[in-house]
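Dear colleague,

I am handing over the structure we spoke about, and my notes on it follow below. Please look through the model first and then read on.

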Amino acid sequence: TTAPSGPAPAASRSDVRIPLNGLRKTVADKLATSRREIPEATTWVDVDATALLAARAAMNATLPDTERVSLLALLARLAVAALRRYPQLNSSVDADRRQIVQHGRVQLGIAAQTPRGLVVPVIADADALPTVELARRLTEITALARDGKLPPARLTGGTFTLNNYGVFGVDGSAPIINHPEAAILGIGRIIDRPWVVDGAIVVRKVAQISLAFDHRVCDGGEAGGFLRLFADYVEDPVRALAH
Ligand code: LPM
């Protein structure tokens with residue numbers, strides 16, 4: 001048997017006071033603002049990601065190693081495709097003018113845990129990028145974020161955020177919206193699960209995806225419609241990626 005993973009046990013039982021400053025303060029302030037201002041609701045669905053994993057493998061078989069497309073890149077591509085049909089989710093609230101701003105382009109934020117803390121680098125005009133280019137930018141921007149080399153301009157201006165908390169080994173979460181955006185899509189880990197296909201139980205690669213949305217901006221019908229469409233794309237990605 002292998003030992004449980006995780007940090008070593010604490011060496012001392014004393015309290016530790018950690019200054020709430022730097023990136024920790026930025027994150028704290030942003031999340032508190034989100035919680036204070038956004039009446040959010042979360043909706044979720046389990047998806048069979050078997051076909052998506054197969055699509056990634058097929059795609060990567062034709063690409064050089066340096067251009068390998070990650071699962072997150074494919075999910076980003078599918079999310080952007082779904083946003084094109086549900087621009088309500090690619091919005092923000094302009095409180096001063098009492099307007100909902102429906103953004104024409106997708107500035108895609110990618111929540112990234114770095115050694116310095118949580119940052120959300122933004123892929124500009126993600127809706128205009130072919131899958132391979134989107135994958136390339138994603139690799140680039142997450143590496144820069146990890147190394148703390150992103151200028152502030154590339155960490156702001158998002159219109160929608162993707163959060164892959166599955167990397168932490170968890171199935172689900174109710175992520176907090178990246179204010180002033182209107183929605184955040186979260187993906188849990190993909191794991192073998194029993195799944196019913198044509199009345200029979202089979203083993204499939206299953207993940208739970210969550211959508212937290214600003215209920216001022218859209219209602220459950222739109223949020224659910226978007227999440228269902230995204231789930232349909234995940235389950236039949238070849239068709240969705242074709243256009
Ligand atoms: C930041 O701007 N550094 C953090 C804001 C994070 C907000 C969202 S993406 C958290 C998702 S649970």
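A polar contact here is a pair of N or O atoms within 3.5 Å; within protein, one must be able to donate a hydrogen and the other to accept it, and residues adjacent in sequence count only if both atoms are side-chain atoms. In the predicted model, a nitrogen atom of the ligand lies 2.8 Å from a polar backbone atom of Leu118.

Residues are numbered from 1 along each chain as its sequence is written, and side-chain values use heavy atoms, with hydrogens and water left out.

The protein chain averages a pLDDT of 95, with 99% of the residues scoring at least 70, and the predictor gives the complex an ipTM of 0.92 and a pTM of 0.95.

Around the ligand there are 13 residues (one heavy atom within 4 Å), and Lys30, Leu118, Asn163, Ile176 and Asn178 come nearest. By class, this shell has nine nonpolar (Ala, Val, Leu, Ile, Met, Phe, Trp, Tyr, Cys and Pro), three polar (the others, Gly among them) and one charged (Asp, Glu, Lys and Arg) residues. Its largest share, four residues, comes from helix 1 (helices are DSSP runs of H or I, at least four residues, and strands of E, at least two, numbered from the N terminus).

A cis peptide bond, with omega of about 5°, joins His179 and Pro180, and Pro180 is in the loop between strand 8 and strand 9 (183-187).

Best wishes

Methods: This is a predicted model: local features need pLDDT of at least 70, side-chain atom pairs count only at pLDDT 80 or more; totals for chains, interfaces and linings use all residues. pLDDT is the predictor's confidence in each residue, from 0 to 100.
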